[in-house]
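User: I would like to understand how terms are assigned in a structure. May I put some questions to you?

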Amino acid sequence: GIERDGAYICNVLKCRPPNNRDPMADEVSTCAPYLHAQLDIIQPRVLLGVGKFAAQWLSGSEQSIGRLRGAVHEYRGIPVVATYHPAYLLRSPYATRKTWQDLQLMRQVLDEHT
């Protein structure tokens with residue numbers, strides 16, 4: 001029910017780290033002002049943290065993605081819903097039902113903040 005022009009996709013980092021490794025703290029801190037500026041301009045009603053790294057960073061938690069799912073977190077006053085990364089879903093199709101639940105939670109948050 002969300003049109004493509006009603007969603008904005010961005011990344012915590014603005015380039016991929018070498019060898020596809022997780023980003024280092026200094027890389028995140030270097031890119032954070034760009035992400036903050038994007039979010040200030042877009043003014044999203046909800047954020048979907050897709051994948052472990054984004055979900056942990058946006059929620060400010062080191063919990064596993066499995067523990068972050070199913071709850072609404074907050075990033076700079078914006079609600080955050082965590083879900084699995086599409087690459088994980090390709091390897092683990094059984095998790096698609098859980099991802100659908102996450103998207104329903106995000107929709108509920110959107111409906112509550114309109």
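User: Which residues in α1 are buried?

Analyst: This is a predicted model, in which local features need pLDDT of at least 70, side-chain atom pairs count only at pLDDT 80 or more, and totals for chains, interfaces and linings use all residues. Residues are numbered from 1 along each chain as its sequence is written, and side-chain values use heavy atoms, with hydrogens and water left out. In α1, the buried residues are Val28, Cys31, Ala32, Leu35, Gln38 and Leu39. They pack against β1 (47-50), α2 (52-59) and β2 (72-75).

User: Why does Pro23 count as buried?

Analyst: Buried means under 20% relative accessible area, exposed over 50%, and partly exposed in between (1.4 Å probe, protein chains only). Pro23 has 15% relative accessibility, and therefore counts as buried. Pro23, in the segment before α1, touches Leu13, Pro17, Val28 and Phe53, not counting residues up to four places away in sequence; contact means heavy atoms within 4.5 Å.

User: What makes Ile41 count as exposed?

Analyst: Ile41, in helix α1, has 69% relative accessibility, so it counts as exposed.

User: How do you know that the span of helix α1 agrees with its number of residues?

Analyst: Helices (H or I, at least four residues) and strands (E, at least two) are DSSP runs, numbered from the N terminus. The expected span is 1.5 Å times one less than the number of residues. For the 18 residues of α1 (residues 25-42) this should be 26 Å; the end C-alpha atoms are 25 Å apart, which agrees.
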